[in-house]
Amino acid sequence: MNTPRTADAPTWPAEFAERYRAAGHWRGETFGGVLRERATAHPDRVAIVDPAPVRREWTYGELDERASRLAAGFAARGISPGDRVVVQLPNIAEFTEVVFALFRIGALPVYALPAHRETEIAYFCSFTEAVAYVIPDRHAGFDHLALASKVKERTPSLRHVFVVGSPGEHTALSEVPCEPTAPAYEPEPHDLAFLQLSGGTTGVPKLIPRTHDDYIYSLRGSNEICGVDGDTRFLVLLPAAHNFPMSSPGWLGALYAGGTVVLCPSPDPATAFPLVERERVTMTGMVPPLALVWTEAAPGSVHDLSSLELILVGGAKYSEAAARRLEPALGCRLMQVFGMAEGLVNYTRLDDDHETVVTTQGLPISEDDEIRVVDDADEEVPEGSFGHLLTRGPYTIRGYWRAPEHNGKAFTEDGFYRTGDIVRRTPTGHLIVEGRAKDQINRGGEKVAPEEIENIILGHPSVHDVSVVGVADEYLGERTLAYVILREGAEPLKALAVKRLVRERGVAAYKIPDLVEFVEAFPQTGIGKVSKKGLRSDSSRGRTGSAQP
Ligand code: OOB
């Protein structure tokens, strides 16, 4: 039997695991067990509200029973402990049922985003040797059934496609549940619980292995900091599969505390404000561009937003000016959050003074989060200076899943994760994110790995070379710009054709370059490498005025 143990990924050395247990961080809980306990303690309390298209609510008792029945059905179809199951569902109640069912049998959800398309999904399925893929029939105008058929044909391991809605040639999720039997395997707290996706700096995203112990600790810590309890009504605005709305404190945090999770089909004020009013939402989390939109829309809104107590903003740098406007406009508290799917999460605190809340990205969750701010030679920089952020702790992974070579670069020998972020620390230990050393574009919280897009554009016969960089954008923080050098004598290419090429390759729409510019040569670094810094500053000084949308 496969087991969901950590053989495919480096884990915490025994002395660290012992320390984290002794400190009470790792308490030996599992997701399946937590849900069972909450359902026993308060079976009739509402766990999940799914407002669309027809309002549904599930109590803790119902969610627990559904998860058990679905777990039994998955097991009956041959899904075993340690098997990977790619889950690509929007913010609907079934998302929670599916992942708790998988947790119960020790199978590992691989969290794809609704925006992912054929290239990403085929990669997740083949790289993880997934045995099943869970989808909606259609979402946001996209036919997921057809994509699933194509991927299934190409992926020998993929035995099942389960569909929420009309299944076409696949299997309806609603047909899977059956009478629960005694489970063949009880997941252990130190087992892997799921694989989360990294924002990525390489050609393909890396997978992040999280255990029950470590993730549940991050939920408990986040709940304490944010004041989440049984009365919390948490609105899931961002895609539920992303680490931020899942665990900071997120829908899993709210369920851990016995609160209510309200799923939002779309984060725009026209959809979300009526929901806040009707469901008396108390807390939510959002990325900075969305916070700008909410801040603009709230003062003129006819909807009663007075139930809101706390809004968390993170995923990308939130400008101080925008942060100052949020509380007066929304009539609730702001908390900044600087986190990463690899682990470390920082929050400003409810008792921080206002200046700290609007100018910093917070303090780590745990006293056992180790923070180092270092120079290029890994030497600690003087207090208060900029440097690379390295971290190690009770909920930060020690390595990506099946990526030994990359792990050698992304982690120090003594297990610190190289976040790729440039930070400085204030005298109180609060971190201020100043920038990024990693080759990644942060498009309003959505992460784009330039290499992934460069590889696609390089596939065009007219293209000699390409470099994708982020350029400053007032709304998103950054937009993507592809600099393209054409082959001598090649057919001229239009910006639109470059974008079409990326779209037609079947990747998430947020990865399609916002701008394309044709150039003769790239700026070079001293040793003749393309200087991305040079390209970024060219565009920010407006020297390259010819970039086309
Ligand atoms: C969150 O997770 P990821 O894995 O999508 O992205 C992590 C990266 C960080 O390394 C940093 O570069 C950036 O996103 N980031 C921020 C930030 N929060 C994240 N940069 C500046 N200011 C912030 N407040 O994005 C994530 C995970 C959990 C909670 C919140 C965000």
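A polar contact is a pair of N or O atoms within 3.5 Å; within protein, one atom must be able to donate a hydrogen and the other to accept it, and residues adjacent in sequence count only if both atoms are side-chain atoms. The model is predicted: local features need pLDDT of at least 70 and side-chain atom pairs count only at pLDDT 80 or more, while totals for chains, interfaces and linings use all residues. Residues are numbered from 1 along each chain as its sequence is written, and side-chain values use heavy atoms, with hydrogens and water left out.

An N or O atom in the side chain of Lys447 is 2.9 Å from an oxygen atom of the ligand. For Asp421, a polar side-chain atom lies 2.5 Å from a ligand oxygen atom, and a polar backbone atom of Ala341 is 3.0 Å from an oxygen atom of the ligand. The ligand taken alone exposes 600 Å², of which the protein buries 96% (accessible areas come from the Shrake-Rupley method with a 1.4 Å probe; for residues, only the protein chains shown count as cover). Two or more residues of the shell come from each of α8 (243-247) and β16 (333-340), where helices (H or I, at least four residues) and strands (E, at least two) are DSSP runs numbered from the N terminus. Strand β16 supplies the largest share of the shell, four residues. There are 19 residues around the ligand, and Val337, Ala341, Asp421, Lys438 and Lys447 come nearest; a residue is near a molecule if one of its heavy atoms lies within 4 Å of it. By class, the shell comprises seven nonpolar, eight polar and four charged residues (Ala, Val, Leu, Ile, Met, Phe, Trp, Tyr, Cys and Pro count as nonpolar, Asp, Glu, Lys and Arg as charged, and the others, Gly among them, as polar).

Gln196, in strand β10 (residues 192-197), counts as buried because its relative accessibility is 3% (buried means under 20% relative accessible area, exposed over 50%, partly exposed in between, with a 1.4 Å probe and protein chains only). A polar atom of the Gln196 side chain lies 3.4 Å from the backbone oxygen of Ala241. Beyond four places in sequence, the contacts of Gln196 (heavy atoms within 4.5 Å) include Tyr111, Tyr215, Asn243, Met246 and Ala341.

Tyr133 lies in strand β5 (residues 132-136) and counts as buried because its relative accessibility is 0%. The side chains of Tyr133 and Gln88 are joined by a polar contact of 2.5 Å.

In soluble globular proteins, nonpolar side chains tend to be buried together. The largest nonpolar core has 141 residues, of which Phe31, Phe74, Phe100, Leu235, Trp251 and Trp294 touch the most other members (a nonpolar core is a set of buried Ala, Val, Leu, Ile, Met, Phe, Trp, Tyr and Cys residues joined through side-chain atoms within 4.5 Å). Helix α4 (residues 93-105) gives the most to this core, with nine residues. A second, separate core of 24 residues includes Leu108, Ala130, Ile135 and Leu145.
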